[in-house]
Amino acid sequence: LTALGIIIGIASVIAMVSIGTGAKSAIRDRFDAMGSNLIFVRPGSVRTQGVRSGWGGRSNLKIGDVGAIEKECPSVKAVSPNINTQAQLIYMNKNWRTQIQGVSDKYPDIRKWEMEQGSFFNEEQLLGAEKVVVLGTQVKQYLFEDDDPIGKVIRLRRVPFTVIGVLKSKGQAGGMGSRDDLVCVPFTTASRRLMRQTFIQSIDVQAVSAEAIPRAMMEITELLRDRHRIQEGQPDDFQIQNMAEIAENRENAIGTMSLLLGSIAAISLLVGGIGIMNIMLVSVTERIREIGIRMSIGAREKDILMQFLAEAIVLSLAGGVMGIVLGVGLSKLLKYVPMFARFPAVVSPGSVVMAVAFAAAVGIFFGFYPARKASKLDPIDALRYE
């Protein structure tokens, strides 16, 4: 019972830190897989009757902006417009609702996405607004299972599309959904046949290198301000972010949440320490005659002090070791909990070392007062104690 607070506290801290570390790692892996030299351009916000929408509220990015960025920005390697929507896909007696991505033929190169089967659509199919579709592996599995989907016809919003390829699996997205649950179609087809809109929801831009990102962002900003006729001193009607900024923002948010959860779990350690101090005080009271006998045959104050302090430290370390075992076990089991399954827990050696050090510190801090009280007892009074 004395060590229970330490056990629970250490286990909670390790489990919470592991979840936070796993979430950071998953996000970092996802953004690394998408490329370090990727830039996103999105429309600006809209203000209506004093209420401002978020980024993307405007409809001011046009297909002409995409061509201008590709031709007039020397630091830009490739560009792909993006039109997103959701729709029900139908194949024979099966159906599946998924994300529809209207993109250009350069999309797989920009996003570093390889093909598993077939091929991605080409520039000719893009310009012709052909009804072709490339599936993510999750969509392929639900609609076709083990059958070959190439050449088969599926329906998107009652429009027939021919499957020409399947993208390689990229797995879970670290808390942001599955990256394989999507289909890609030419953005010309998406805008004319599926969504009937002329504006672009976002633009994916690939810089010539990671070092060229700041220069590319400056070139894009100057170009779009000129094309959108924005006067000097007026705010941009668009937003530009690079992959590193987005990844850093998400990691900071998760880091803050992990720190908060870890702090809450650390309160258990404080409670456990107070429990150790109280039990040790009771132990001193119960063993006063023993202390008197030891002192009468030559034990010094520091011997009694070290005896009770060692007991408190051993108790804390034992609780710490049991807490580590429990915490590592919890971290492994959390992947089966739907709420935490998206963030694979990663137990870091640093969190284990920190837990052991904290357990020892709790034992020393809360064990010192009872140990000192025991060492200050008068041997004569101790021997007379009933």
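Student: Which residues do ring pairs link into a cluster?

Tutor: In this predicted model, the cluster joined by ring pairs is made of Tyr-107, Phe-120 and Phe-121.

Student: How is a pair of aromatic rings described?

Tutor: By two quantities, the distance of the centres and the angle of the planes. The structure holds four aromatic pairs. In one of them, Trp-96 and Tyr-142 are stacked, at 3.8 Å centre to centre with 10° between the planes. Trp-96 belongs to strand E5 (residues 94–103) and Tyr-142 to helix H5 (residues 137–144), so this pair ties together parts 46 residues apart in sequence. For Phe-120 and Phe-121, the centres are 4.3 Å apart and the planes are at 35°, so that pair is tilted.

Student: Is Phe-121 buried or exposed?

Tutor: Buried means under 20% relative accessible area. Phe-121 has 2%, so Phe-121 is buried. Phe-120, at 12%, counts as buried too. By contrast, Trp-96 is partly exposed at 22%, and Tyr-142 is partly exposed at 44%.

Student: Which residues touch the most other members of the largest nonpolar core?

Tutor: That core has 55 residues, and Phe-121 is among those with the most contacts to other members, along with Ile-69, Ile-154, Leu-156, Cys-184, Ile-203 and Ile-220. Apart from this core lies another of 20 residues, including Ile-6 and Val-284.

Student: Where does the charged end of Lys-170 sit?

Tutor: Over the ring of Trp-113, 4.8 Å from the ring centre.

Methods: Residues numbered from 1 in each chain as written. Predicted model: local features only at pLDDT ≥ 70, side-chain atom pairs only at ≥ 80, totals over all residues. Heavy atoms only, no water. Core = buried A, V, L, I, M, F, W, Y, C linked by side-chain atoms within 4.5 Å. Buried < 20%, exposed > 50% of the residue type's maximum accessible area, 1.4 Å probe, protein only. Phe/Tyr/Trp six-rings, centres within 6.5 Å; stacked < 30°, edge-to-face > 60°. Helix = DSSP H or I, 4+ residues; strand = E, 2+ residues; numbered from the N terminus. Lys NZ or Arg CZ within 6 Å of the ring centre and 35° of its normal.
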